[in-house]
Amino acid sequence: MSKYIIKGDAKIDGEVDISGSKNSALPIIAACILNGGVNTLYNMPNIRDTNGMLEILSDLGCKVVKKKNKVIIDSSNASKMNINEKLMREMRSSVIVVGALLARFRKAIFSYPGGCEIGARPIDLHINGFRKLGINIDENTRYIVCKCDKIIPAEIHLDFPSVGATENLMLASVLSDGETILRNVAMEPEIEDLQNFLNRMGAKISGAGSNIIKIKGVKKLKEVSYNIMPDRIETGTFLCYTAGTGGKIELNNVRDEITLPVLVKLEETGCKIYREPNKIVLQAPKRLKAVDIQTLPYPGFPTDMQSVFLAMLVTAKGTSIVTENIFENRFKCVPELMRMGAKISISGSSAIVKGVRKITGTNLVATDLRGGAALIGAAMKAKGITTIDNCEYIERGYEKLEYKLKKLNIDFTKER
Ligand code: UD1
């Protein structure tokens, strides 16, 4: 395990380019199984999660060639239908591969997925949806075995707008014979990116971005090239780092409108924000004002930004209330922040953050991807040096972090 060493009392100042979206890239990589051909993906973030997903596809028989942020996936020889158990345990989004395997081979065998321990994260909505598509599911052994003779188009209402279940059901029904209608689906921008990718392949999907998606099954899908959209969570993370240090940042290769739920809250803290469709500039005040946030499905405030935003608020003026409504175990960075002198108490699904003037650097441990990213934000404004162990978690989702932070005037090193 490696650690990060960060010198505090810093102020972000500079310009960086935002990488491709992790949460878009993962289902799009899985979707490359569908057409049994060669697909080229650009703006692919080179991070642990996308590399893990590419490894899953290689293990299934796909040929994967990576050249910087371009990835060529040839799925013509994919023949395995068992998803590698070890890889499945490492990453929750591996479950998305199931929908693609079912569409192409009518069969998938897998174990329960792992991933960051931010909550129970069951897959019942995926499984129930598959059943409605006529898929037989045997959950009685160590493995879940899904198979069918054909996918039967259906009308499916999700009990909760799960991002992963929406994507999985889109993938599973894309090559069926008839129209599938998905209701109460997730409206996250990454789902629209998946729809755009699949339609480029020749799929007939409409409605992504709203809460009803219609998938008219097609017989065949063609080979495509596609540019992954920018990462709105990385965008928000750098904005919060800047706001927390009283700095200034210019971010390129962003999509401003999908970052809006975070931008609105940053403005409430006193930040000045200038935005163009592909650029965001943020100038922070000397000290932020406290604000309340509550996480909700998109277009609400994203749960993936909650920890980083919370860490930013620990030095704001006044008391903030941060409420987590999506995952039940997403305050794992709070005890670490308290070790730095932050004043936070947890009450049910809310964290009450009493802003302090200064926090102090110490030795910390990252417990999950976004919680780890939150500790970096706290470290750069703390007094003295902070070390963060288990930084592999953070590398699941942030590309070239060392390079980008150094470019932004942060004294940041990775001890290998
Ligand atoms: C995706 C994102 C993740 C983000 C989350 C919520 C990817 C790769 N990951 O994760 O970064 O934090 O959306 O925006 O895109 N649930 C069930 N049963 C299910 C599925 C989900 O109860 O079958 C619950 C989960 O436990 C959780 C909530 O629904 O409480 C949201 O989960 P979901 O939207 O499915 O998140 P993921 O797709 O796993």
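1. A quick definition before the sheet comes up: two strands count as paired if DSSP finds at least two bridges between them. Bear in mind, too, that this is a predicted model.

2. With that in hand, look at the open sheet: four strands, ordered S2-S14-S16-S15, with mixed pairing. S2 (13–17) and S15 (272–276) sit at the edges with a single partner strand each, so one side of each has no neighbour in the sheet. Direction ignored, neighbouring strands here are turned by 10° against each other on average.

3. For a closer look at one pair, take S2 and S14 (residues 248–252): they run parallel and are joined by five bridges. Within that pairing, Asp13 has Lys248 in S14 as its bridge partner.

4. Now the ligand. There are 20 residues around it, and Asp124, Leu125, Ser162, Asp304 and Ile326 come nearest. By class, the shell splits into eight nonpolar, six polar and six charged residues.

5. Gly164 brings a polar backbone atom to 2.8 Å from an oxygen atom of the ligand. Taken alone, the ligand exposes 730 Å², and the protein buries 86% of that.

6. Which elements give two or more residues to the shell around the ligand? They are helices H1 (22–31), H5 (124–132) and H6 (163–173). H5 gives the most, with three residues.

7. Finally, the domains: domain 1 (3–19 + 230–415) and domain 2 (22–227) both give residues to the shell, so the ligand lies between them.

Terms used: Residues are numbered from 1 along each chain as its sequence is written. This is a predicted model: local features need pLDDT of at least 70, side-chain atom pairs count only at pLDDT 80 or more; totals for chains, interfaces and linings use all residues. Side-chain values use heavy atoms; hydrogens and water are left out. A residue is near a molecule or strand if one of its heavy atoms lies within 4 Å of it. A polar contact is a pair of N or O atoms within 3.5 Å; within protein, one must be able to donate a hydrogen and the other to accept it, and residues adjacent in sequence count only if both atoms are side-chain atoms. Accessible areas come from the Shrake-Rupley method with a 1.4 Å probe; for residues, only the protein chains shown count as cover. Ala, Val, Leu, Ile, Met, Phe, Trp, Tyr, Cys and Pro count as nonpolar, Asp, Glu, Lys and Arg as charged, and the others, Gly among them, as polar. Domain bounds come from an automatic or database domain assignment. Axes are lines fitted to C-alpha atoms, for helices over the stretch in contact, and angles run from 0 to 180 degrees between N-to-C directions.
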